[in-house]
Amino acid sequence: MGPRTAPPPPRRLNTYQGLLMLRRNAHRLPRTPENEALRQRMTRTYSRLYHSYRTRREAMLAAPPSVGRGALARAQMIPPVPPTL
């Protein structure tokens, strides 16, 4: 037997990427009774991530333009996402 290779490190996503991935996977998942439990878990995870993301986005948009990022378009730095799957 050859030398064992270490498993790849887990993939790390930021909140926005996680929300997009959950939306994409939920829409691709066939609507069958077997998938209903998975769909519910995905919905709960999405709502938890969305709350954190929305809080950060609202805080950034509420800051005056002279603070922090200057003249960058704040809405483009943290784009909006739908509140539900």
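Author: Happy to; we can start with the overall layout and then go through the helices and some of their side chains.

Reader: Great. Is this predicted or experimental, and what secondary structure does the chain have?
Author: This is a predicted model. The chain has three helices and zero strands, and its elements run α-α-α from the N terminus on.

Reader: How much of the chain is buried?
Author: Buried residues account for 21% of the 85 residues. As for contacts between residues at least 6 apart in sequence, 52% of them join residues at least 24 apart.

Reader: Let's take α1. Where does it run, and what is the distance between its end C-alpha atoms?
Author: Helix α1 covers residues 15-28. Its end C-alpha atoms are 20 Å apart, which agrees with the 20 Å that 14 residues should span at 1.5 Å a residue.

Reader: What caps its N-terminal end?
Author: Asn 14 does. A side-chain oxygen of Asn 14 lies 3.1 Å from the backbone nitrogen of Tyr 16.

Reader: And which residues of α1 are buried?
Author: Gly 18, Leu 19, Leu 22, Arg 23 and Ala 26. Looking down the axis of α1, you find its buried residues within an arc of 135°, so they line one face of the helix.

Reader: What's on the face turned away from that, and what covers the buried side?
Author: The face turned away carries the exposed residues His 27 and Arg 28. What covers the buried residues includes α2, residues 36-62.

Reader: What does the Arg 23 side chain reach, then?
Author: The backbone oxygen of Thr 84, at 2.8 Å. Setting aside neighbours within four places in sequence, Arg 23 is in contact with Tyr 46, Pro 82, Thr 84 and Leu 85.

Reader: Nice. On to α2: how many residues, and how far does it reach?
Author: Helix α2 has 27 residues and reaches 38 Å from its first C-alpha to its last. That is close to the 39 Å expected at 1.5 Å a residue.

Reader: Which of its residues are buried?
Author: The buried residues of α2 are Arg 39, Met 42, Tyr 46, Tyr 50, Tyr 53, Arg 57 and Met 60.

Reader: Tell me about Arg 39. Buried or exposed, and which residues is it in contact with?
Author: Arg 39 counts as buried, at 10% relative accessibility. Beyond neighbours within four places in sequence, Arg 39 is in contact with Ala 26, Leu 29, Pro 30 and Arg 31. The C-alpha atoms of Arg 39 and Ala 26 are separated by 6.6 Å, and the two residues are 13 apart along the chain.

Reader: Why doesn't Arg 39 have a salt bridge?
Author: The nearest side chain of opposite charge, Glu 36, is 4.5 Å away. A salt bridge needs the nitrogen and the carboxyl oxygen within 4 Å.

Reader: And Met 42, what is it in contact with?
Author: Leaving out neighbours within four places in sequence, Met 42 is in contact with Leu 22, Asn 25, Ala 26, Leu 29 and Leu 85. Met 42 is buried, with 10% relative accessibility.

Reader: Where do Glu 58 and Arg 54 lie?
Author: Both lie in helix α2, four residues apart, which is about one turn of the helix.

Reader: How accessible are they?
Author: Glu 58 is partly exposed, with a relative accessible area of 46%. Arg 54 also counts as partly exposed, at 33% relative accessibility.

Reader: Thanks, that helps!

Key
Residues are numbered from 1 along each chain as its sequence is written. This is a predicted model: local features need pLDDT of at least 70, side-chain atom pairs count only at pLDDT 80 or more; totals for chains, interfaces and linings use all residues. Side-chain values use heavy atoms; hydrogens and water are left out. Helices (H or I, at least four residues) and strands (E, at least two) are DSSP runs, numbered from the N terminus. A polar contact is a pair of N or O atoms within 3.5 Å; within protein, one must be able to donate a hydrogen and the other to accept it, and residues adjacent in sequence count only if both atoms are side-chain atoms. Contact means heavy atoms within 4.5 Å. The expected span of a helix is 1.5 Å times one less than its number of residues. Buried means under 20% relative accessible area, exposed over 50%, partly exposed in between (1.4 Å probe, protein chains only). The arc is that of the directions from the helix axis to the C-beta atoms. Lys and Arg count as positive and Asp and Glu as negative; His and the chain ends are not counted.
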